[in-house]
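Hello,

I am passing a structure on to you, and I would be glad if you opened it before reading on. My notes on what turned up follow below it.

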Amino acid sequence: MDNSMFMTRKITFIDRILSSQFFKEALDKGEDLMANNKYGLLNLVKRALQKVNATAAQSNLSVVRLLNHYIVLFSQLIKAYVQGTYRKLPAITLAKIAAVLIYFISPFDFIPDLLPIIGFTDDLALVLWVGGSIKQELDEFEKQM
């Protein structure tokens, strides 16, 4: 008997975050901001930068520096999009980046940020996942900065 039909795909941590109601709501908000509210996008960038700067000031861990790098890069990319100086990414990709920033600034998500240290685990996983999925595009953007 072939057991392959009974095998299921292992659900990863990132799959759980992406299928969570928290991320789905963040994605809906991100898509809405991209389509309808450029000033809201800039406010989102400001809030994400404030949070990552506060986080970085409290810790010198390499993962926090990596989180800081990506949040700053995502923020610069969104600012360039709003200013019209960089339009090489599809709007849906930018909406996903906005969703990640929304998710990042929310204290109540898959793993609440109120839990010391582990509260940022889901935020970091999501940021790294998106950063990795568009690495080539991010590298190209960084070259143009």
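In what kind of crossing does H4 pass H5? Please keep in mind throughout that this is a predicted model. The crossing of H4 with H5 is left-handed, and the residues that make the contact are, on the side of H4, Leu67, Ile71, Phe74, Ser75, Leu77, Ile78 and Tyr81, and, on the side of H5, Leu94, Ile97, Ala98, Val100, Leu101 and Phe104. Sorted by type, 12 of these contact residues are nonpolar and one is polar, while none is charged.

Two packed helices are described by the angle between their axes together with the distance between those axes. For H4 and H5, which covers residues 91–105, the angle is about 130° and the axes lie 10 Å apart. Angles over 145 degrees count as roughly antiparallel and those from 65 to 115 as roughly perpendicular, and H4 and H5 are therefore oblique to each other.

The other thing to look at is the largest pocket, which has a volume of about 340 Å³. Its lining is made of 14 residues, of which Thr55, Leu61, Val64, Ile117 and Phe120 are the closest to the centre of the pocket. Helix H3 (38–58), helix H4 (62–83) and helix H6 (121–133) each supply at least two residues of this lining, and the largest share, three residues, comes from H4. By type, the lining residues divide into nine nonpolar, four polar and one charged.

With best wishes

Conventions
Residues are numbered from 1 along each chain as its sequence is written. This is a predicted model: local features need pLDDT of at least 70, side-chain atom pairs count only at pLDDT 80 or more; totals for chains, interfaces and linings use all residues. Side-chain values use heavy atoms; hydrogens and water are left out. On a 1 Å grid over the protein atoms alone, a cavity is a set of points where a 1.4 Å probe fits but cannot get out, and a pocket is an open set with protein on both sides within 12 Å along at least five of seven lines; lining residues have an atom within 4 Å of a point. Grid points are joined across faces, edges and corners, and a volume is the space filled by probe spheres set on the points. Helices (H or I, at least four residues) and strands (E, at least two) are DSSP runs, numbered from the N terminus. Ala, Val, Leu, Ile, Met, Phe, Trp, Tyr, Cys and Pro count as nonpolar, Asp, Glu, Lys and Arg as charged, and the others, Gly among them, as polar. Axes are lines fitted to C-alpha atoms, for helices over the stretch in contact, and angles run from 0 to 180 degrees between N-to-C directions. Angles under 35 degrees count as roughly parallel, over 145 as roughly antiparallel, 65 to 115 as roughly perpendicular and the rest as oblique. A crossing is left-handed if the near helix is turned anticlockwise from the far one by less than a right angle, and right-handed if clockwise. Contact means heavy atoms within 4.5 Å.
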